[in-house]
Amino acid sequence: MAAEKILVVDDEPNIRDVLTTVLEFHGFEVATAATGAEAVARAEADRPALIVLDVMLPDVDGLTVCRDLRARGHRFGIVFLTARDSRSDLVSGLTYGGDDYIAKPFELDELLARVRAVLRRVGAQAEPEPAVLRVGDVELDEDTCQVSRNGVPLRLSPTEFKLLRHLMANAGRVLSRAQILDAVWDYDYNGMSNVVDTYVGYLRRKLDPLGPPLIHTQRGFGYIMRAEGHGPG
């Protein structure tokens with residue numbers, strides 16, 4: 001059986017080295033990253049079974065990294081590693097999508113036990129993400145980059161496709177403009193959040209003529225994609 005992959009994200013080289021040595025000794029395959037942007041890129045490329053993720057990173061905090069990865073649909077385990085050990089930090093970490101939380105300084109045996117416990121909960125191997133997403137009568141095929149509504153093909157730009165994929169992957173969930181910006185335009189996008197409103201408008205003009213509205217505005221919060229008869233309108 002192939003070794004389970006673990007991504008260790010910490011800006012301190014000595015911590016990365018120690019955790020890599022310990023985890024590899026116990027049979028894991030280990031990759032490392034020192035920044036939030038690098039962590040997202042490695043996670044997307046490697047699809048690890050679990051991430052040991054430091055909260056305090058030089059470019060963006062680990063909570064934001066976790067939120068971004070969850071928004072992209074990744075369900076691998078995430079164990080936060082931080083010097084902050086207050087209850088509010090613990091609650092924040094779990095609310096953002098983390099599976100466990102351990103404070104520095106920590107015992108290696110304890111961290112190893114938590115890693116194994118999370119792997120047991122989420123499964124040693126992540127379930128493959130569906131190639132075809134469906135919300136109501138809209139179908140999006142990620143393998144062929146084809147989108148249709150009620151059987152009618154739609155022509156979308158790459159950004160429109162990525163935005164629709166994100167909304168469909170999170171159907172039934174309200175997404176803020178900041179969350180959508182992080183997931184669709186990534187960290188280095190320096191524009192204003194009204195670019196989200198603009199592209200939602202583009203999608204609505206292509207989807208709405210073919211059926212009831214599916215992308216709904218939640219005033220003061222953001223957007224939600226929901227088929228008719230699913231939740232409050």
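Biologist: Where does E44 lie?
Modeller: E44 lies in helix α2, which covers residues 36-46; helices here are DSSP runs of H or I with at least four residues and strands are runs of E with at least two, both numbered from the N terminus. This is a predicted model, in which local features need pLDDT of at least 70 and side-chain atom pairs count only at pLDDT 80 or more, while totals for chains, interfaces and linings use all residues. Residues are numbered from 1 along each chain as its sequence is written, and side-chain values use heavy atoms, with hydrogens and water left out.

Biologist: And what does E44 contact, leaving aside its neighbours within four places in sequence?
Modeller: With those neighbours set aside, E44 is in contact with R72 and H74, where contact means heavy atoms within 4.5 Å. The side chains of E44 and H74 are joined by a polar contact of 2.4 Å; a polar contact is a pair of N or O atoms within 3.5 Å, where within protein one must be able to donate a hydrogen and the other to accept it, and residues adjacent in sequence count only if both atoms are side-chain atoms. As for R72, 28 residues separate it from E44 in sequence, and the C-alpha to C-alpha distance is 9.3 Å.

Biologist: Which residues of α3 are buried?
Modeller: They are G62, L63, T64, V65, C66, D68, L69, R70 and A71. That is 9 of the 10 residues of α3 (residues 62-71), so this helix is largely enclosed by the rest of the structure. At the start of α3, the backbone nitrogen of L63 has a side-chain oxygen of D61 within 2.9 Å, and after α3 comes G73, with a positive phi near 95°.

Biologist: What does α7 pack against?
Modeller: The buried residues of α7 pack against α3, α6, α8 and β11 (222-225). Helix α7 (residues 177-185) is mostly covered, with 7 of its 9 residues buried, namely Q179, I180, L181, D182, A183, V184 and W185.

Biologist: At what angle do α6 and α8 pack?
Modeller: Helix α6 (residues 158-169) and helix α8 (residues 194-207) pack at about 85°, with axes 10 Å apart; axes are lines fitted to C-alpha atoms, for helices over the stretch in contact, and angles run from 0 to 180 degrees between N-to-C directions. That angle makes α6 roughly perpendicular to α8, on a scale where under 35 degrees is roughly parallel, over 145 roughly antiparallel, 65 to 115 roughly perpendicular and the rest oblique. From α6 the contact takes T159, E160, L163, L164 and L167, and from α8 it takes Y199, V200, Y202, L203, K206 and L207. By class there are 8 nonpolar, 1 polar and 2 charged residues, with Ala, Val, Leu, Ile, Met, Phe, Trp, Tyr, Cys and Pro counted as nonpolar, Asp, Glu, Lys and Arg as charged, and the others, Gly among them, as polar.

Biologist: What about α1 and α5, at what angle do they pack?
Modeller: Helix α1 (residues 13-25) and helix α5 (residues 108-122) pack at about 60°, with their axes 11 Å apart, which means α1 is oblique to α5.

Biologist: Switching to backbone geometry, which residues does the cis peptide bond join?
Modeller: The cis bond joins K104 and P105, with omega about -10°, and P105 is in the loop between β5 (100-103) and α5. Two non-glycine residues with positive phi may also interest you: C145, at about 60°, lies in the loop between β7 (138-141) and β8 (146-149), and N150, at about 55°, is in the loop between β8 and β9 (152-154).

Biologist: Is N150 buried or exposed?
Modeller: N150 counts as exposed, at 57% relative accessibility. S148, which is found in strand β8, is buried at 17%.

Definitions and conventions: Buried means under 20% relative accessible area, exposed over 50%, partly exposed in between (1.4 Å probe, protein chains only).
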